Amino acid sequence: MSKQTYKVCFCFRRRFRLAATEAPAPIKSLFDQYSDNGIMTADHLQRFLVQVQKQEKATLENAQAIMHSTAHIFHRKGFNLETFFKYLFGDSNPALDPDRSVHHDMTAPLSHYFIFTGHNSYLTGNQLSSDCSDTPIIQALERGVRVIELDIWPNPTKDDVHVLHGRTLTTPVDLIKCLKSIKNHAFSASDYPVVITLEDHLTTDLQAKVAKMVTETFGEMLFAPDAESLGEFPSPESLKRRIIISTKPPKEYLKSKEANPKGNASQRENDSSAEAWGGEIPSFKSRSVAESKDDLDDLEEEEEDLQDDTVAPEYRSLIAIQAGKGKGGLDDWLKVDPDKVRRLSLSEQELEKAVKTHGPQIVRFTQKNILRVYPKGIRFDSSNYNPLIGWMHGAQMVAFNMQGYGRSLWVMQGMFRANGGCGYVKKPDILMRNGPDDIVFDPRVTLPVKVTLKVTVYMGEGWYYDFSHTHFDAYSPPDFYTRVGIAGVPADSIMKRTKAIEDNWIPSWNEEFEFPLTVPELAVLRIEVHEYDMSEKDDFGGQTCLPITELRKGIRAVPLYSQKGDKYKSVKLLMHFDMV
């Protein structure tokens, strides 16, 4: 790996020196401070863990355990510079504590948690013509998703139930196949409950058939409430390894009929992401009148009153989380019933419009009830929206197209790396204040800075091993730069970037950034690496998002992920985090 040759033309080749990975200057300086005669002993390492890594409880035994666990790379008397650097940049020094499992209080009602939620979970691709399958459902559950959405329709002979996106060209999958896959994979990533939200377009006799399918498939795993409606939602802890059904009984059976999907090809093309890895996360600016009109074109459900005498009783008895908007407008939708809890669904446009006039009311509603937000119907390409619009108003179920790779989904994945990746994240206290003297949180009001996050990007490595040598540039090594920023409330959201390091597979930036945070509890750190291209669009080099509340201070190795959220084998950054 000392030299690399790039063929420019038939008779000319360019040669570049390939440097080995070595510790950047700030790491060398730290090693000098915490070592004697080129050796860092366990005593030195323990002091380093406490003073630099801010692991105040680190003991000499902890330091010795680290050295023993890396025995294959360290000098018998301790770490030298090379082995100390390898430890810092190794898998045993991540930005999130690998030993920290579920640690939030899981005994509060479900409405007190953000829940990892999928939208049209059965689709393999776009919303108009892709296949329906149980495969994306399995993949979502294995990634920790806790809410699976199924649209259920009669089959062509009207004697069985299919799952498909109605009034589109999507090919169906049998409901029973989806239910069996959910049963087999529901708790592969987390023991906490899985909610199945049903968008129901069935006749009464088929509802009865679904009730039998659900009951026979899940058996004792199924949570069925004793009363027809709940006065308070149960806790995730009390519902471990249980399946919960959430839907609204339909007002009437809507016959499946062929209809041309709304929108045309040019609209679909314009709506798709401008960049291969997804357009930038939308800001919180108000939308245009033309965009607001898209509300009328939504292909999603419009929820009606919960009461319906034609619903099969055995079907109704399965519904643990009842959904519905009821009559009237926003004021009626957001009324809090002291004796009954429910789920309200709003499209992303409806929520964007509602928060302009009813922000605090939405926050108060979500303290007891569940709010589900779903993508607008013209997102034919299965793209997503800014999840913070839901989270900062207390919405528990921010429903995402899990196959819609891009920056919004990366932020979603980052949020749910918290709390051991169990799919439930306790909402911060700022969203739950409801005492007589409390002021309900209003995201439109800019609060004082609570903490400042300091991030240093030292260097990166691994692209040489995980990508072909001409992947980024056919004629020279890549020119990498890193983007670092915050997804959070409007006052905290920002992106910054390093300079580009030319012709280097192992870039060293050594740049520091500061991010003042007013609501750190809702902030997610965004990290992306790109390769600068003067003539074309910059290439993607990796990404990750990390919940600010769980970042470990100090110098940490940060592995990067692909656009689809798969972890690269070798690509990672060396970074430093601090909170002041």
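1. Both E350 and K325 are buried, where buried means under 20% relative accessible area, exposed over 50% and partly exposed in between, with a 1.4 Å probe and protein chains only. The two form a salt bridge, with the closest N and O atoms 3.0 Å apart. A salt bridge here is a side-chain nitrogen of Lys or Arg within 4 Å of a carboxyl oxygen of Asp or Glu. This pair links distant parts of the chain. E350 sits in helix 12 (residues 348–365), and K325 in the loop between strand 10 (319–322) and helix 11 (330–333). They are 25 residues apart.

2. A word on the basis of this note. This is a predicted model: local features need pLDDT of at least 70, side-chain atom pairs count only at pLDDT 80 or more, and totals for chains, interfaces and linings use all residues. Residues are numbered from 1 along each chain as its sequence is written, and side-chain values use heavy atoms, with hydrogens and water left out.

3. Now the chain as a whole. It has 15 helices and 22 strands; these are DSSP runs numbered from the N terminus, with helices (H or I) of at least four residues and strands (E) of at least two. Buried residues make up 56% of the 580 residues. The accessible surface comes to about 25,400 Å², and 49% of that belongs to carbon and sulfur atoms. Areas come from the Shrake-Rupley method with a 1.4 Å probe; for residues, only the protein chains shown count as cover. Take contacts between residues at least 6 apart in sequence: 73% of them join residues at least 24 apart. Contact means heavy atoms within 4.5 Å.

4. K426 lies over the face of Y113, at 5.9 Å from the ring centre. The test asks for NZ of Lys or CZ of Arg within 6 Å of the ring centre and within 35 degrees of the ring normal.

5. How many salt bridges does the structure hold? The number is 19. Side chains of opposite charge can pair when their charged atoms come close. One of the bridges joins K86 and E82, with the closest N and O atoms 3.3 Å apart. Both residues lie in helix 4, four residues apart, about one turn of the helix. K86 has 43% relative accessibility, so it counts as partly exposed. E82, at 49%, is also partly exposed.

6. R483 and E280 form another salt bridge, with the closest N and O atoms 2.9 Å apart. This pair links distant parts of the chain. R483 is in strand 16 (residues 480–487), E280 in the loop between helix 8 (265–271) and helix 9 (289–293), 203 residues apart. R483 is buried, with a relative accessible area of 17%. E280 is partly exposed, at 34%. Salt bridges that share partners join E280, R407, R483, R526 and E528 into one network.

7. The structure holds 19 aromatic pairs. Rings of Phe, Tyr and Trp (its six-membered ring) pair if their centres lie within 6.5 Å; planes under 30 degrees apart count as stacked, over 60 as edge-to-face and the rest as tilted. F114 and W391 form a tilted pair, 6.1 Å centre to centre with 45 degrees between the planes. F114 is in strand 3 (residues 113–118) and W391 in helix 13 (residues 388–391), 277 residues apart.

8. W410 is in helix 14 (residues 407–415), F540 in strand 20 (residues 539–547), 130 residues apart. W410 is buried at 2% relative accessible area. F540 is buried at 7%. One aromatic cluster is formed by W463, Y464, Y465, F467, F472, F480, W505 and Y568.

9. N93 lies in the loop between helix 4 (81–88) and strand 3. N93 is buried, with a relative accessible area of 0%. The backbone oxygen of L88 lies 2.9 Å from a polar atom of the N93 side chain. N510 is in strand 18 (residues 508–517). N510 is partly exposed, at 35%. Leaving aside neighbours within four places in sequence, N510 is in contact with P24, P26, V457 and Y458.

Technical notes
Polar contact = N/O pair within 3.5 Å; in protein donor to acceptor, adjacent residues only side chain to side chain.
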